[in-house]
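Student: I would like to learn how to read a protein model feature by feature. Could you take me through one slowly?

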Amino acid sequence: MADDKYNTWMLKGSGSTENLQYVQQTSAKLGPDEVRVVMHAASLNYRDLVIAKGSLPMTQATPNTVPGSDGAGVVHSVGANVVELRPGDKVLPHMVQGVSDDFLPRMDAISGGLGQAVNGTLCEQGVYPAESIVRMPDNMNFAQAATLGCSGLTAWNALMGLRDRAVQAGDYVLVQGTGGVSIAALQFAKAAGATVVATTGKGANVARLTALGAAHVINYKTDADWGVTARKLTPEGRGFDHIVDVGGDATLGQSFAAIRTDGVVSLVGVLGTGANKVDAMTALWSVCVVRGVLLGSKNMFRDMVAFCEKHNVQPALDDETYSLADAQRAYQRLEKQQHFSKVVIKIQ
Ligand SMILES: NC(=O)c1ccc[n+]([C@@H]2O[C@H](COP(=O)([O-])OP(=O)(O)OC[C@H]3O[C@@H](n4cnc5c(N)ncnc54)[C@H](OP(=O)(O)O)[C@@H]3O)[C@@H](O)[C@H]2O)c1
(Lines give C-alpha, C1' and ligand atoms only; values in the text may rest on other atoms or scores of the structure.)
Protein backbone atom coordinates (compact mmCIF):
# COMPACT_ATOMS: atom_id res chain seq x y z
CA MET A 1 0.00 0.00 0.00
CA ALA A 2 1.43 3.40 -0.92
CA ASP A 3 1.34 5.99 1.84
CA ASP A 4 0.90 9.70 1.35
CA LYS A 5 4.39 10.24 2.76
CA TYR A 6 7.27 8.14 1.50
CA ASN A 7 11.06 7.97 1.68
CA THR A 8 13.25 8.56 -1.32
CA TRP A 9 16.81 9.34 -2.29
CA MET A 10 17.35 12.61 -4.10
CA LEU A 11 20.31 13.76 -6.18
CA LYS A 12 21.10 17.32 -5.21
CA GLY A 13 23.50 17.48 -8.18
CA SER A 14 26.58 15.68 -9.45
CA GLY A 15 30.09 15.76 -8.00
CA SER A 16 30.15 13.01 -5.37
CA THR A 17 27.92 10.40 -3.77
CA GLU A 18 27.61 12.89 -0.88
CA ASN A 19 25.10 14.65 -3.15
CA LEU A 20 22.69 11.81 -2.44
CA GLN A 21 20.21 12.80 0.24
CA TYR A 22 17.57 10.65 1.92
CA VAL A 23 14.37 12.67 2.26
CA GLN A 24 10.66 12.29 2.88
CA GLN A 25 8.27 13.32 0.12
CA THR A 26 4.52 13.66 -0.23
CA SER A 27 2.90 11.63 -3.02
CA ALA A 28 2.35 13.70 -6.14
CA LYS A 29 -1.02 13.69 -7.91
CA LEU A 30 -1.11 11.04 -10.62
CA GLY A 31 -1.38 12.31 -14.22
CA PRO A 32 -3.90 10.63 -16.58
CA ASP A 33 -1.21 8.60 -18.41
CA GLU A 34 0.88 7.71 -15.36
CA VAL A 35 1.10 4.84 -12.91
CA ARG A 36 2.20 4.89 -9.28
CA VAL A 37 4.46 1.96 -8.46
CA VAL A 38 5.32 0.75 -4.97
CA MET A 39 8.97 -0.15 -5.43
CA HIS A 40 10.09 -3.47 -3.95
CA ALA A 41 13.71 -3.57 -5.11
CA ALA A 42 16.26 -1.59 -7.08
CA SER A 43 19.73 -2.50 -8.28
CA LEU A 44 22.70 -0.21 -8.79
CA ASN A 45 24.51 0.28 -12.06
CA TYR A 46 27.89 1.78 -12.88
CA ARG A 47 25.79 4.51 -14.54
CA ASP A 48 24.24 5.48 -11.19
CA LEU A 49 27.70 5.92 -9.73
CA VAL A 50 29.01 8.13 -12.53
CA ILE A 51 25.79 10.22 -12.45
CA ALA A 52 26.20 10.83 -8.70
CA LYS A 53 29.82 11.79 -9.34
CA GLY A 54 29.25 13.44 -12.73
CA SER A 55 32.54 11.87 -13.68
CA LEU A 56 31.98 11.16 -17.39
CA PRO A 57 30.68 13.31 -20.26
CA MET A 58 26.87 13.63 -20.32
CA THR A 59 26.46 12.23 -16.80
CA GLN A 60 25.45 15.40 -14.92
CA ALA A 61 22.28 14.91 -12.88
CA THR A 62 19.37 17.32 -13.00
CA PRO A 63 19.19 18.60 -9.39
CA ASN A 64 16.41 17.11 -7.24
CA THR A 65 16.05 13.95 -9.31
CA VAL A 66 15.49 10.53 -7.73
CA PRO A 67 18.52 8.36 -8.63
CA GLY A 68 18.38 4.76 -9.86
CA SER A 69 18.17 3.22 -13.34
CA ASP A 70 16.74 -0.17 -12.44
CA GLY A 71 13.89 -1.33 -10.25
CA ALA A 72 10.92 -3.60 -9.78
CA GLY A 73 7.63 -3.01 -8.03
CA VAL A 74 3.85 -3.35 -7.93
CA VAL A 75 1.37 -0.99 -9.53
CA HIS A 76 -0.53 0.84 -6.79
CA SER A 77 -2.80 3.07 -8.88
CA VAL A 78 -3.24 4.12 -12.49
CA GLY A 79 -4.22 7.39 -14.19
CA ALA A 80 -7.60 7.87 -15.86
CA ASN A 81 -6.34 7.01 -19.38
CA VAL A 82 -4.39 3.89 -18.42
CA VAL A 83 -6.11 0.66 -19.46
CA GLU A 84 -3.27 -1.81 -19.99
CA LEU A 85 -2.09 -1.84 -16.37
CA ARG A 86 -3.98 -2.36 -13.14
CA PRO A 87 -3.24 -2.25 -9.41
CA GLY A 88 -1.34 -5.36 -8.33
CA ASP A 89 0.59 -5.82 -11.60
CA LYS A 90 4.29 -6.56 -11.06
CA VAL A 91 6.27 -4.22 -13.28
CA LEU A 92 9.64 -2.81 -14.36
CA PRO A 93 10.17 0.72 -15.69
CA HIS A 94 12.17 1.15 -18.92
CA MET A 95 14.95 3.69 -18.44
CA VAL A 96 13.89 5.94 -21.32
CA GLN A 97 10.44 7.54 -21.40
CA GLY A 98 8.28 8.98 -24.18
CA VAL A 99 9.64 6.84 -26.99
CA SER A 100 8.21 4.23 -29.37
CA ASP A 101 8.46 0.51 -28.66
CA ASP A 102 11.33 -0.06 -31.12
CA PHE A 103 13.24 3.12 -30.29
CA LEU A 104 16.95 2.48 -29.74
CA PRO A 105 18.21 5.17 -27.36
CA ARG A 106 21.29 7.19 -28.19
CA MET A 107 23.30 8.98 -25.50
CA ASP A 108 21.01 12.04 -25.42
CA ALA A 109 18.02 9.81 -24.63
CA ILE A 110 20.01 7.91 -21.98
CA SER A 111 21.00 11.24 -20.38
CA GLY A 112 17.32 12.19 -20.32
CA GLY A 113 16.43 8.90 -18.64
CA LEU A 114 15.62 7.51 -15.22
CA GLY A 115 17.87 8.54 -12.38
CA GLN A 116 19.51 11.40 -14.26
CA ALA A 117 16.95 13.81 -15.72
CA VAL A 118 13.71 12.12 -14.61
CA ASN A 119 12.93 10.41 -11.32
CA GLY A 120 14.40 6.93 -11.01
CA THR A 121 13.97 3.93 -8.76
CA LEU A 122 15.67 4.54 -5.37
CA CYS A 123 12.39 5.41 -3.68
CA GLU A 124 9.53 3.72 -1.85
CA GLN A 125 7.14 4.80 -4.58
CA GLY A 126 7.67 6.11 -8.08
CA VAL A 127 5.45 7.65 -10.73
CA TYR A 128 6.20 6.64 -14.34
CA PRO A 129 4.46 7.06 -17.68
CA ALA A 130 2.41 3.91 -18.32
CA GLU A 131 3.96 3.61 -21.79
CA SER A 132 7.41 3.08 -20.19
CA ILE A 133 6.33 0.10 -18.09
CA VAL A 134 7.17 -3.52 -18.92
CA ARG A 135 5.70 -6.61 -17.27
CA MET A 136 8.00 -8.32 -14.75
CA PRO A 137 8.99 -11.94 -15.52
CA ASP A 138 6.96 -14.42 -13.48
CA ASN A 139 9.93 -16.68 -12.69
CA MET A 140 11.83 -14.06 -10.63
CA ASN A 141 11.59 -12.35 -7.28
CA PHE A 142 11.71 -8.55 -7.11
CA ALA A 143 15.43 -8.42 -6.36
CA GLN A 144 16.29 -10.50 -9.43
CA ALA A 145 13.86 -8.63 -11.67
CA ALA A 146 15.34 -5.31 -10.52
CA THR A 147 18.56 -6.18 -12.38
CA LEU A 148 17.00 -6.33 -15.83
CA GLY A 149 16.26 -2.74 -16.86
CA CYS A 150 19.78 -1.37 -17.42
CA SER A 151 22.67 -3.86 -17.34
CA GLY A 152 20.38 -6.79 -18.19
CA LEU A 153 18.80 -5.10 -21.19
CA THR A 154 22.19 -3.93 -22.43
CA ALA A 155 23.59 -7.46 -22.22
CA TRP A 156 20.50 -8.75 -24.02
CA ASN A 157 20.83 -6.18 -26.81
CA ALA A 158 24.54 -6.98 -27.19
CA LEU A 159 23.88 -10.69 -27.67
CA MET A 160 20.46 -10.73 -29.32
CA GLY A 161 19.84 -7.27 -30.76
CA LEU A 162 21.66 -7.44 -34.08
CA ARG A 163 19.27 -8.82 -36.68
CA ASP A 164 20.26 -12.32 -37.90
CA ARG A 165 23.22 -12.41 -35.50
CA ALA A 166 21.56 -13.38 -32.23
CA VAL A 167 23.58 -15.78 -30.12
CA GLN A 168 22.58 -19.38 -30.73
CA ALA A 169 23.46 -22.89 -29.57
CA GLY A 170 27.03 -23.77 -30.53
CA ASP A 171 28.31 -20.17 -30.50
CA TYR A 172 31.32 -19.14 -28.42
CA VAL A 173 30.83 -16.02 -26.29
CA LEU A 174 33.45 -14.08 -24.31
CA VAL A 175 32.45 -11.96 -21.31
CA GLN A 176 34.75 -9.74 -19.25
CA GLY A 177 34.83 -9.32 -15.46
CA THR A 178 32.04 -10.04 -13.00
CA GLY A 179 29.98 -6.86 -13.20
CA GLY A 180 26.26 -6.69 -13.91
CA VAL A 181 26.43 -6.54 -17.72
CA SER A 182 28.92 -9.39 -18.01
CA ILE A 183 27.12 -11.78 -15.67
CA ALA A 184 23.80 -11.11 -17.40
CA ALA A 185 25.51 -11.79 -20.74
CA LEU A 186 26.97 -15.03 -19.35
CA GLN A 187 23.54 -16.17 -18.16
CA PHE A 188 21.72 -15.25 -21.38
CA ALA A 189 24.39 -16.85 -23.59
CA LYS A 190 24.36 -20.05 -21.52
CA ALA A 191 20.56 -20.20 -21.67
CA ALA A 192 20.78 -19.85 -25.47
CA GLY A 193 23.11 -22.86 -25.61
CA ALA A 194 26.42 -21.06 -26.21
CA THR A 195 29.81 -21.92 -24.73
CA VAL A 196 30.94 -19.02 -22.54
CA VAL A 197 34.49 -18.04 -21.61
CA ALA A 198 34.76 -15.44 -18.83
CA THR A 199 37.55 -13.27 -17.46
CA THR A 200 38.00 -11.84 -13.98
CA GLY A 201 40.69 -9.98 -12.10
CA LYS A 202 39.90 -11.82 -8.86
CA GLY A 203 40.72 -15.48 -8.29
CA ALA A 204 37.91 -15.69 -5.75
CA ASN A 205 35.36 -15.24 -8.55
CA VAL A 206 36.43 -18.30 -10.55
CA ALA A 207 34.28 -20.81 -8.69
CA ARG A 208 31.19 -18.64 -8.97
CA LEU A 209 31.71 -18.04 -12.70
CA THR A 210 32.15 -21.78 -13.21
CA ALA A 211 29.00 -22.49 -11.20
CA LEU A 212 27.09 -20.12 -13.49
CA GLY A 213 28.28 -22.14 -16.47
CA ALA A 214 31.49 -20.53 -17.72
CA ALA A 215 33.45 -23.26 -19.52
CA HIS A 216 36.77 -21.50 -18.84
CA VAL A 217 37.84 -18.55 -16.70
CA ILE A 218 40.95 -16.44 -17.42
CA ASN A 219 42.50 -13.90 -15.04
CA TYR A 220 42.99 -10.71 -17.05
CA LYS A 221 45.33 -9.28 -14.41
CA THR A 222 47.85 -12.13 -14.53
CA ASP A 223 47.51 -12.85 -18.26
CA ALA A 224 47.99 -9.64 -20.26
CA ASP A 225 47.29 -11.56 -23.49
CA TRP A 226 44.02 -12.98 -22.19
CA GLY A 227 42.34 -12.43 -25.56
CA VAL A 228 44.93 -14.59 -27.30
CA THR A 229 44.60 -17.21 -24.55
CA ALA A 230 40.81 -17.16 -24.85
CA ARG A 231 40.93 -17.56 -28.63
CA LYS A 232 42.89 -20.80 -28.23
CA LEU A 233 39.94 -22.21 -26.26
CA THR A 234 37.61 -21.96 -29.29
CA PRO A 235 37.33 -24.78 -31.90
CA GLU A 236 40.46 -24.73 -34.10
CA GLY A 237 41.33 -21.42 -32.44
CA ARG A 238 38.85 -19.72 -34.79
CA GLY A 239 37.84 -17.08 -32.21
CA PHE A 240 34.58 -15.96 -30.60
CA ASP A 241 31.25 -15.39 -32.31
CA HIS A 242 30.32 -12.67 -29.79
CA ILE A 243 32.36 -10.60 -27.36
CA VAL A 244 30.71 -8.21 -24.93
CA ASP A 245 33.40 -5.57 -24.34
CA VAL A 246 32.94 -3.67 -21.07
CA GLY A 247 36.40 -2.17 -20.63
CA GLY A 248 36.71 0.00 -23.75
CA ASP A 249 40.32 1.00 -24.33
CA ALA A 250 41.48 -1.33 -21.54
CA THR A 251 39.98 -4.45 -23.16
CA LEU A 252 39.30 -3.71 -26.81
CA GLY A 253 42.77 -4.68 -28.08
CA GLN A 254 42.39 -8.15 -26.56
CA SER A 255 38.78 -8.36 -27.77
CA PHE A 256 40.05 -7.85 -31.34
CA ALA A 257 42.66 -10.57 -30.72
CA ALA A 258 39.91 -12.97 -29.61
CA ILE A 259 37.13 -12.30 -32.16
CA ARG A 260 36.55 -14.68 -35.07
CA THR A 261 36.28 -13.59 -38.68
CA ASP A 262 32.89 -11.88 -39.01
CA GLY A 263 32.28 -12.19 -35.25
CA VAL A 264 30.53 -9.38 -33.36
CA VAL A 265 32.33 -7.21 -30.80
CA SER A 266 29.73 -5.23 -28.82
CA LEU A 267 31.14 -2.01 -27.41
CA VAL A 268 29.21 -1.63 -24.20
CA GLY A 269 31.34 -0.16 -21.45
CA VAL A 270 34.07 2.20 -20.43
CA LEU A 271 35.37 0.56 -17.24
CA GLY A 272 38.95 1.06 -18.46
CA THR A 273 38.84 4.81 -19.08
CA GLY A 274 42.35 6.22 -19.06
CA ALA A 275 43.93 3.29 -20.92
CA ASN A 276 45.75 3.96 -24.20
CA LYS A 277 43.36 4.42 -27.14
CA VAL A 278 42.84 1.38 -29.34
CA ASP A 279 43.06 2.16 -33.06
CA ALA A 280 39.64 1.64 -34.69
CA MET A 281 41.44 0.32 -37.79
CA THR A 282 42.25 -2.82 -35.78
CA ALA A 283 38.68 -3.85 -36.61
CA LEU A 284 39.66 -3.90 -40.29
CA TRP A 285 42.62 -6.22 -39.67
CA SER A 286 40.43 -8.42 -37.45
CA VAL A 287 37.66 -8.63 -40.11
CA CYS A 288 34.85 -8.36 -37.59
CA VAL A 289 31.68 -6.44 -36.82
CA VAL A 290 32.04 -3.74 -34.16
CA ARG A 291 28.75 -2.58 -32.72
CA GLY A 292 28.04 0.23 -30.27
CA VAL A 293 25.32 -0.88 -27.87
CA LEU A 294 23.36 1.49 -25.64
CA LEU A 295 20.64 -0.07 -23.52
CA GLY A 296 17.86 -1.47 -25.74
CA SER A 297 14.31 -0.83 -26.85
CA LYS A 298 11.10 -1.58 -24.95
CA ASN A 299 10.38 -4.42 -27.37
CA MET A 300 13.83 -5.87 -26.63
CA PHE A 301 12.99 -5.58 -22.92
CA ARG A 302 9.78 -7.58 -23.50
CA ASP A 303 11.67 -10.19 -25.56
CA MET A 304 14.21 -10.51 -22.74
CA VAL A 305 11.44 -11.01 -20.17
CA ALA A 306 9.88 -13.76 -22.33
CA PHE A 307 13.29 -15.43 -22.81
CA CYS A 308 13.98 -15.36 -19.06
CA GLU A 309 10.63 -17.03 -18.39
CA LYS A 310 11.10 -19.63 -21.13
CA HIS A 311 14.62 -20.58 -19.99
CA ASN A 312 14.04 -19.86 -16.30
CA VAL A 313 16.97 -17.45 -16.13
CA GLN A 314 17.60 -16.54 -12.48
CA PRO A 315 19.83 -13.45 -12.37
CA ALA A 316 22.83 -13.84 -10.06
CA LEU A 317 23.06 -11.28 -7.26
CA ASP A 318 25.82 -9.99 -5.02
CA ASP A 319 26.07 -11.59 -1.57
CA GLU A 320 25.39 -8.26 0.16
CA THR A 321 21.99 -6.58 -0.05
CA TYR A 322 21.08 -3.19 1.38
CA SER A 323 18.01 -1.44 2.71
CA LEU A 324 16.86 1.75 0.99
CA ALA A 325 18.11 3.89 3.87
CA ASP A 326 21.53 2.25 3.50
CA ALA A 327 21.90 2.94 -0.24
CA GLN A 328 25.08 4.98 0.15
CA ARG A 329 26.90 1.87 1.42
CA ALA A 330 25.63 0.08 -1.68
CA TYR A 331 27.18 2.81 -3.87
CA GLN A 332 30.47 2.34 -2.00
CA ARG A 333 30.47 -1.40 -2.63
CA LEU A 334 29.89 -0.77 -6.32
CA GLU A 335 32.59 1.90 -6.49
CA LYS A 336 35.16 -0.36 -4.82
CA GLN A 337 34.19 -3.17 -7.22
CA GLN A 338 33.67 -5.51 -4.27
CA HIS A 339 30.45 -6.87 -5.74
CA PHE A 340 29.67 -9.90 -7.88
CA SER A 341 27.05 -9.23 -10.56
CA LYS A 342 24.40 -6.89 -9.12
CA VAL A 343 24.21 -4.82 -5.93
CA VAL A 344 20.56 -4.93 -4.88
CA ILE A 345 18.66 -2.58 -2.61
CA LYS A 346 15.60 -4.17 -1.03
CA ILE A 347 12.91 -1.54 -0.55
CA GLN A 348 9.81 -3.34 0.74
N1 LIG B 1 26.05 0.69 -23.11
C2 LIG B 1 25.12 0.68 -22.16
O3 LIG B 1 23.93 0.95 -22.38
C4 LIG B 1 25.55 0.28 -20.79
C5 LIG B 1 24.64 -0.21 -19.85
C6 LIG B 1 25.10 -0.67 -18.62
C7 LIG B 1 26.46 -0.55 -18.35
N8 LIG B 1 27.28 -0.01 -19.27
C9 LIG B 1 28.71 0.11 -19.04
O10 LIG B 1 29.25 -1.20 -19.02
C11 LIG B 1 30.32 -1.24 -18.09
C12 LIG B 1 30.03 -2.33 -17.09
O13 LIG B 1 28.88 -1.97 -16.37
P14 LIG B 1 28.45 -2.84 -15.11
O15 LIG B 1 27.19 -2.25 -14.59
O16 LIG B 1 28.47 -4.27 -15.48
O17 LIG B 1 29.66 -2.49 -14.15
P18 LIG B 1 30.07 -3.09 -12.76
O19 LIG B 1 29.03 -4.00 -12.24
O20 LIG B 1 30.49 -1.95 -11.91
O21 LIG B 1 31.36 -3.96 -13.15
C22 LIG B 1 32.48 -3.95 -12.34
C23 LIG B 1 33.32 -5.19 -12.63
O24 LIG B 1 33.90 -5.10 -13.94
C25 LIG B 1 35.13 -5.80 -13.94
N26 LIG B 1 36.17 -4.95 -14.52
C27 LIG B 1 36.61 -3.76 -14.08
N28 LIG B 1 37.60 -3.31 -14.86
C29 LIG B 1 37.78 -4.25 -15.81
C30 LIG B 1 38.67 -4.40 -16.89
N31 LIG B 1 39.59 -3.48 -17.19
N32 LIG B 1 38.57 -5.53 -17.64
C33 LIG B 1 37.65 -6.47 -17.37
N34 LIG B 1 36.78 -6.39 -16.36
C35 LIG B 1 36.86 -5.30 -15.59
C36 LIG B 1 35.46 -6.16 -12.50
O37 LIG B 1 35.20 -7.56 -12.36
P38 LIG B 1 36.29 -8.52 -11.68
O39 LIG B 1 36.38 -8.05 -10.26
O40 LIG B 1 35.72 -9.88 -11.81
O41 LIG B 1 37.56 -8.34 -12.43
C42 LIG B 1 34.49 -5.31 -11.70
O43 LIG B 1 34.12 -5.88 -10.49
C44 LIG B 1 30.42 0.16 -17.49
O45 LIG B 1 31.39 0.91 -18.19
C46 LIG B 1 29.05 0.75 -17.73
O47 LIG B 1 29.06 2.14 -17.84
C48 LIG B 1 26.86 0.40 -20.48
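Student: What share of the contacts in the chain with a separation of 6 or more comes from residues 24 or more positions apart?

Tutor: A contact means heavy atoms within 4.5 Å, and in this chain residues 24 or more positions apart account for 71% of the contacts with a separation of 6 or more. Before we go on, note that this is a predicted model, in which local features need pLDDT of at least 70 and side-chain atom pairs count only at pLDDT 80 or more, while totals for chains, interfaces and linings use all residues. Residues are numbered from 1 along each chain as its sequence is written, and side-chain values use heavy atoms, with hydrogens and water left out.

Student: How many helices and strands does the chain have?

Tutor: Helices (H or I, at least four residues) and strands (E, at least two) are DSSP runs, numbered from the N terminus; here there are eleven helices and 15 strands.

Student: What percentage of the residues count as buried?

Tutor: Buried means under 20% relative accessible area, exposed over 50%, and partly exposed in between, with a 1.4 Å probe and protein chains only. By that rule, 54% of the 348 residues are buried.

Student: How many salt bridges does a search of the whole structure find?

Tutor: Side chains of opposite charge can pair when their charged atoms come close. A salt bridge is counted where a side-chain nitrogen of Lys or Arg lies within 4 Å of a carboxyl oxygen of Asp or Glu, and the search finds twelve.

Student: Which residue forms a salt bridge with D249, and where do the two partners lie?

Tutor: The partner of D249 is K277, with the closest N and O atoms 2.8 Å apart. D249 sits in the loop between strand 11 (240-245) and helix 8 (252-258), and K277 in the loop between strand 12 (259-267) and helix 9 (282-286), so the pair ties together parts that are 28 residues apart in sequence. K277 is exposed, at 71% relative accessible area.

Student: Are D318 and R333 buried or exposed?

Tutor: D318 is buried at 6% relative accessibility, and R333 is buried as well, at 15%. Their side chains meet in a salt bridge of 2.4 Å, N to O; since D318 belongs to strand 14 (residues 317-323) and R333 to helix 11 (residues 327-335), the pair ties together parts 15 residues apart in sequence.

Student: Which residues are linked in a network of salt bridges?

Tutor: The network links D101, E131, K298 and R302.
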